[in-house]
Amino acid sequence: MSARQNVRLLAAVRDAAGYDASANIFIIFSTATTDMSDTRMICGFHAVTAKLRHALEDVKEILVAEGRRDGRMRDLLRVAEAAGVRVIACEPERLDGLAGGTRHQGVVARVAAVGKYVSLDDVLDPLTEPALLLVLDGVQDPHNLGACLRVADAAGAHAVVAPKDRACGLNAAAIKVASGAADTVPYIVVTNLARCLRELQERGIWVIGTAGETDKDLYAVDQHGPVAWVLGAEGSGLRRLTRDTCDELVRIPMAGTVESLNVSVAAGICLFETRRQRG
């Protein structure tokens, strides 16, 4: 083969592979993917980048929208290349199908379906500071769950706990909204929430529920010790058994006309008040 033919062949390979000269990266154009069994999809730059950084071994492959070469995409491709993760360019319509209706930003990753199992004992036993937990009762909107995980991460909460029933679960939409927090904050699912709260109490953790009709506000509660904040969904609030199990109920003082806050906003107020009191 002549030198001119070699040049033409290299150019053809670069075109077919999606070569990005500015990033010096080849992207494979292929319809083949890894086995879909025992995997799930996560979507969006934040979620995929966080997974690469915090749980690289779970990432099977990354699928990106063909033709997208902006700075954000190049940064992700560099991280993937450095990690040795296969990247496949495909049509946006295929990404839409894989994402299942979740807004994917042109990035979808196939990851291990089940992450490392973490129990409350795994979280609480090694702690060298008072525990700070966020317990969600009846939060069924994945966007609210994702936002709560993000708030929990920002406030340094040690885990987010939720019941198996009446909860949306950690799906692709929740992981995307969490913007990486789903890989940094343990999300613990329990079969019986009331029993879980009693077990926390046996460990000396003060269980505080939020309820708009109570007279005591959260700023009047001493939160220097171990605390578990229990919040219900906006509107329905805590279930009766959950309320009855809490050590005390407090409210967030409201100065305006609205009667309730989004659960993630309320979670942020409660968690950061604990952090403020602890200094």
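Student: Among contacts in the protein chain between residues at least 6 apart in sequence, what share joins residues at least 24 apart?
Tutor: Keep in mind that this is a predicted model. Start from the contacts between residues at least 6 apart in sequence, then pick out those joining residues at least 24 apart. Their share is 81%.

Student: How many helices and strands are there in the protein chain?
Tutor: Let's count each kind of element in turn. The protein chain has 10 helices, and its strands number 11.

Student: What percentage of the residues in the protein chain is buried?
Tutor: A residue is called buried when its relative accessible area is under 20%. The protein chain has 279 residues, and the buried share of them is 46%.

Student: Is T102 buried or exposed?
Tutor: First find T102 in the loop between α4 and β5. Apart from residues up to four places away in sequence, T102 touches C43, A172, A173 and K176. Its relative accessibility is 17%, and the cut-off is under 20%, so T102 counts as buried.

Student: And E93, is that buried or exposed?
Tutor: You will find E93 in helix α4, which spans residues 92–99. Because its relative accessible area is 55% and the cut-off is over 50%, E93 is exposed.

Student: Which residues gather with E93 in a patch of negative charge?
Tutor: This patch is on the surface. Asp and Glu count as negative, so look for D and E in the names. The residues gathered with E93 are E66, E91 and D96.

Technical notes:
Residues are numbered from 1 along each chain as its sequence is written. This is a predicted model: local features need pLDDT of at least 70, side-chain atom pairs count only at pLDDT 80 or more; totals for chains, interfaces and linings use all residues. Side-chain values use heavy atoms; hydrogens and water are left out. Patches are made of residues with over 30% relative accessible area and no salt bridge: like charges are joined within 9 Å, nonpolar side chains (Val, Leu, Ile, Met, Phe, Trp, Tyr) within 5 Å. Accessible areas come from the Shrake-Rupley method with a 1.4 Å probe; for residues, only the protein chains shown count as cover. A salt bridge is a side-chain nitrogen of Lys or Arg within 4 Å of a carboxyl oxygen of Asp or Glu. The place of a charge is taken as NZ of Lys, CZ of Arg, CG of Asp or CD of Glu. Helices (H or I, at least four residues) and strands (E, at least two) are DSSP runs, numbered from the N terminus. Buried means under 20% relative accessible area, exposed over 50%, partly exposed in between (1.4 Å probe, protein chains only). Contact means heavy atoms within 4.5 Å.
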